[in-house]
Amino acid sequence: MSGFFNSSIGRKYAMALSAFFLIIFLIIHLSVNLTSVFSKDVFNEFSHFMGTNPLIQFAMQPVLIFGVVFHFVMGFILELKNRSARAVKYVKNTGSANSTWMSRNMLLSGGVVLAFLVLHFIDFWIPEMNVKYLQGDMSGLLSDGEGYRYYEELVHKFESPLRVGAYVIAFVLLALHLLHGFTSAFQSIGATMGRRKTVQNIGKAYSILIPLGFIVVALFHHFNH
Amino acid sequence: MKLTLKIWRQKDAKAKGKMVAYQLDDVSPDMSFLEMLDVLNQDLIDKDEEPIAFDHDCREGICGMCSMFINGRAHGPDREITVCQLHMRSFKDGDTITIEPWRAKAFPIIKDLIVDRSSFDRIQQAGGFISVNTSGNTQDANNIPISKYAADTAMDAATCIGCGACVASCKNSSAMLFVGAKVSQYALLPQGRVEAVDRVKNMVAQMDLEGFGNCTNTGACEVECPKGISLENIARMNRELVKANLIKF
Ligand code: HEM
Ligand code: SF4
Ligand code: FES
């Protein structure tokens with residue numbers, strides 16, 4: 001199979017598999033986030049479980065980080081290779097006549113999402129790692145010991161209109177990334193045969209609803225507190 | 001019609017080319033695009049200038065030779081046609097039309113608008129055939145039952161004329177629509193199944209070797225293909241390659 005993953009099509013498969021992984025991850029992440037709109041306690045419980053369960057922390061989290069890094073590194077490599085397949089560019093090339101903006105700008109939309117992920121890491125993940133593993137406080141409690149800290153931290157993050165603005169822009173770009181990417185991933189593994197329209201429709205629904213969900217959570221906390 | 005043409009001129013494979021502007025004052029909307037170029041070339045010959053070299057043969061949309069990137073699109077505006085099937089009525093009086101050769105590392109320019117598409121031949125030679133002696137001992141066509149679906153879909157794939165418009169219009173210069181069609185036309189039929197594993201592996205390996213880019217499913221090829229070859233053929237090829245690698249690795 002090593003020959004397979006060195007072929008052009010094999011690399012597309014690998015790209016699609018990492019994308020499927022991210023697609024599933026987004027559903028889980030949004031599910032947890034959405035609970036914060038309905039119940040502070042449920043959100044806290046979920047966050048504490050996710051943040052302290054060894055299986056999630058030491059098995060799922062490294063896999064996730066690997067998945068993200070693999071996805072964008074592979075994306076860059078493929079894009080560079082593809083650009084080199086046309087040494088001299090056209091003087092006039094009307095891409096909009098035969099393909100969507102999204103499909104021609106995956107690197108741009110992906111790049112914005114990547115920039116957001118960096119911000120997200122600095123915002124949430126690095127403080128988490130610091131509190132839990134450097135300071136060794138695994139309790140998940142507020143500094144005064146009155147209940148869990150996760151909900152308070154979330155609300156605090158969404159106070160800044162700048163951060164909420166960046167958040168919204170990033171998720172709009174994620175939606176654009178997925179509007180091409182979702183169907184593309186199914187096409188890459190050959191799963192669109194005979195059901196392209198169905199995949200496209202599910203893709204459209206997913207690509208709009210999931211990012212919208214994240215945006216709603218951010219706006220809710222911004223305006224509700 | 002009065003037209004301004006901006007055409008890529010390049011003396012030979014090694015020369016540095018450039019866009020050159022030409023003026024045509026009396027173009028009939030009933031002319032085909034190639035006839036319009038014939039008129040321009042006659043003008044150039046009369047003026048002792050070098051005529052524009054471009055590929056063409058059948059002039060009826062079946063040979064796939066007439067490769068030109070017109071106003072930013074393979075085979076120009078209009079769907080499912082080749083350049084020889086394009087007519088000047090698709091343009092307006094006073095238009096400026098840019099005409100460029102197919103651009104891809106795997107299709108090097110020979111002269112002006114003519115590119116070398118032998119990379120397609122080499123992909124075909126790597127597996128786009130069945131090893132049967134078909135001369136003189138043909139058996140009855142109905143001996144092997146074939147479903148209507150398979151027959152129709154294989155025929156659709158087989159209508160690919162190897163023009164290279166898919167490569168030319170793809171932002172990645174990917175040849176996957178062409179190779180997908182060639183793989184599919186055999187993969188769908190019982191006669192083709194016999195060598196299916198080696199065929200897909202060898203054809204994809206040759207495709208990669210020739211320096212084509214990697215498909216990112218933009219779908220530009222399907223829109224610009226003069227024969228309406230469907231993206232499903234790429235999906236089928238992708239599946240065939242995985243299957244082949246699971247059977248024989
Ligand atoms: C959670 C975040 C992300 C999700 C859910 C996601 C999803 C996807 C999907 C579904 C595809 C299509 C895969 C295929 O065609 O087989 C894709 C492709 C791609 N992604 Fe992402 N992606 C994410 C983040 C990123 C990031 C951070 C980058 C960084 C630059 C990126 C860059 C790319 C590129 C370059 C492609 C290939 C373009 C193409 O094949 O047309 N993605 N992504
Ligand atoms: S798939 Fe279509 S565009 Fe590509 S070579 Fe065949 S006929 Fe031409
Ligand atoms: S000249 Fe044969 S297809 Fe145009």
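Relative accessible area (1.4 Å probe, protein chains only) defines a residue as buried under 20%, exposed over 50% and partly exposed in between. The legends below apply this scale to a predicted model, in which local features need pLDDT of at least 70, side-chain atom pairs count only at pLDDT 80 or more, and totals for chains, interfaces and linings use all residues. Residues are numbered from 1 along each chain as its sequence is written, chains are lettered from A and ligands numbered from 1 in the order in which they are written, and side-chain values use heavy atoms, with hydrogens and water left out.

**View 1. Leu119(A) in helix α6 of chain A.** Leu119(A) has a relative accessibility of 34% and therefore counts as partly exposed. The helix that holds Leu119(A) spans residues 106-134; helices (H or I, at least four residues) and strands (E, at least two) are DSSP runs, numbered from the N terminus. Phe171(A) is 52 residues from Leu119(A) in sequence, and their C-alpha atoms are 13 Å apart.

**View 2. The iron atom of ligand 1 and its histidine donors.** His71(A) and His177(A) each coordinate the iron through NE2, at 2.0 Å. Donors are N, O and S atoms within 2.8 Å of the metal (3.2 Å for Na, K and Ca); water is not among the atoms, so sites may look incomplete. The ideal angles for six octahedral donors are 90 or 180 degrees.

**View 3. Helices α4 and α8 of chain A, which carry the two histidines.** Beyond residues up to four places away in sequence, Glu79(A) touches Leu107(A) and Lys171(B), where contact means heavy atoms within 4.5 Å.

**View 4. Arg103(B) and its contacts in chains A and B.** Arg103(B) is placed in the loop between β5 (96-100) and β6 of chain B. With a relative accessibility of 5%, Arg103(B) counts as buried. Leaving aside neighbours within four places in sequence, its contacts in chain A are Arg86(A), Val88(A), Lys89(A) and Tyr90(A), and those in chain B are Trp8(B), Ile109(B) and Ser173(B). Cys170(B) is 67 residues from Arg103(B) in sequence, with 9.8 Å between the C-alpha atoms.

**View 5. Positive phi angles at Asn71(B) and Asp112(B).** Asn71(B) is not a glycine, yet its phi is positive, at about 50°. This residue occupies the loop between β3 (69-70) and β4 (73-74) of chain B, and Asn71(B) counts as buried at 18% relative accessibility. Asp112(B), also a residue other than glycine, has a positive phi near 45°. The loop between β6 (109-111) and β7 (114-115) of chain B holds Asp112(B), whose relative accessible area of 2% makes it buried.
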